[in-house]
Amino acid sequence: MTATPRRLQITPGRGLAAFGCTGPGTAYDPGKPAAGQRSACSHTYRRPSAAHSGGFRVRAAVVWTATWRGSDGSGGPLEPITRSTSFGLEIIEGHSLVVPEKG
């Protein structure tokens, strides 16, 4: 059996528009700076979640397709299957204040 992730669908929560990409998405690479981590499946929250108890409820769903082959040569495609998970996500923001140095 060979299973392949065909589509990743993200629902970012709190009424924000869902989005997706072909394939499994792009894995986080700790060797890249934050600006280099963006992909078709990236999302930037424009507001903190402080006003929402429990933060944003995010749902990620992957559509899988699979084919199988038996020892006698029989086989074929299986029906696509979707697996998903949901989780709470707290988005915080920080403020800074720059003051002139006293000389």
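This is a friendly dialogue about reading features in a predicted model.

Trainee: Let's start with the disulfide. Which cysteines does the disulfide join?

Mentor: Keep in mind that the model is predicted. Here the count is one disulfide, and it joins Cys21 to Cys41 with an S to S distance of 1.8 Å. Cys21 belongs to strand β2 (residues 19-22), while Cys41 is in the loop between β2 and β3; the pair links distant parts of the chain, 20 residues apart.

Trainee: Is the disulfide left-handed or right-handed?

Mentor: Look at the torsion about the S-S bond. For Cys21 and Cys41 this torsion is about -110°, so the disulfide is left-handed.

Trainee: And are Cys21 and Cys41 buried or exposed?

Mentor: Both Cys21 and Cys41 are buried.

Trainee: That leads me to the core. Which residues make up the largest nonpolar core?

Mentor: The general idea is that in soluble globular proteins, nonpolar side chains tend to be buried together. In this structure the largest nonpolar core has 11 residues: Leu8, Ile10, Phe19, Cys21, Cys41, Tyr45, Phe56, Val58, Ala60, Val62 and Ile91. The elements giving two or more residues to this core are β1, β2 and β3, and the largest share, four residues, comes from β3.

Trainee: I see aromatic residues in that list. How many aromatic pairs does the structure hold?

Mentor: The structure holds one aromatic pair. Tyr45 and Phe56 form this pair, with 4.6 Å centre to centre and 45° between the planes, and it is tilted. Tyr45 lies in the loop between β2 and β3 and Phe56 in strand β3, so the pair ties together parts that are 11 residues apart in sequence.

Trainee: Why does Tyr45 count as buried?

Mentor: Buried means under 20% relative accessible area. Tyr45 counts as buried because its relative accessibility is 18%. Phe56 is also buried, with a relative accessible area of 5%.

Trainee: Now for pockets. Which residues line the largest pocket?

Mentor: Take volume and lining together. The largest pocket holds about 210 Å³ of space. Its lining consists of Leu8, Pro24, Gly25, Thr26, Ala27, Tyr28, Gln37, Arg38, Ser39, Cys41, Ser42 and His43. By class, that lining has five nonpolar, six polar and one charged residues.

Trainee: What is the volume of the second largest pocket, and which residues line that pocket?

Mentor: The second largest pocket has a volume of about 170 Å³. Leu8, Ile10, Phe19, Cys41, His43, Tyr45, Val58, Ala60, Phe87 and Leu89 line the second largest pocket. The elements that give two or more residues to this lining are β1 (2-11), β3 (56-69) and β4 (75-89). By class, the lining has nine nonpolar residues, one polar and no charged.

Trainee: How should I read backbone angles, and what is the phi of Arg14?

Mentor: As a starting point, most residues other than glycine have a negative phi. Arg14 has a positive phi of about 55°, although Arg14 is not a glycine. Arg14 sits in the loop between β1 and β2 and, at 46% relative accessibility, counts as partly exposed.

Trainee: One last residue. Where is Lys32?

Mentor: Lys32 is in the loop between β2 and β3. With a relative accessibility of 40%, Lys32 counts as partly exposed. For sequence against space, take Lys32 and Thr65: they are 33 residues apart in sequence and 31 Å apart in space, C-alpha to C-alpha.

Definitions and conventions. Residues numbered from 1 in each chain as written. Predicted model: local features only at pLDDT ≥ 70, side-chain atom pairs only at ≥ 80, totals over all residues. Heavy atoms only, no water. 1 Å grid on protein atoms, 1.4 Å probe; cavity = no way out; pocket = protein on both sides within 12 Å on 5 of 7 lines; lining within 4 Å. Points joined across faces, edges and corners; volume = space filled by probe spheres on them. Nonpolar A, V, L, I, M, F, W, Y, C, P; charged D, E, K, R; others polar. Disulfide = S-S within 2.5 Å. Buried < 20%, exposed > 50% of the residue type's maximum accessible area, 1.4 Å probe, protein only. Phe/Tyr/Trp six-rings, centres within 6.5 Å; stacked < 30°, edge-to-face > 60°. Core = buried A, V, L, I, M, F, W, Y, C linked by side-chain atoms within 4.5 Å.
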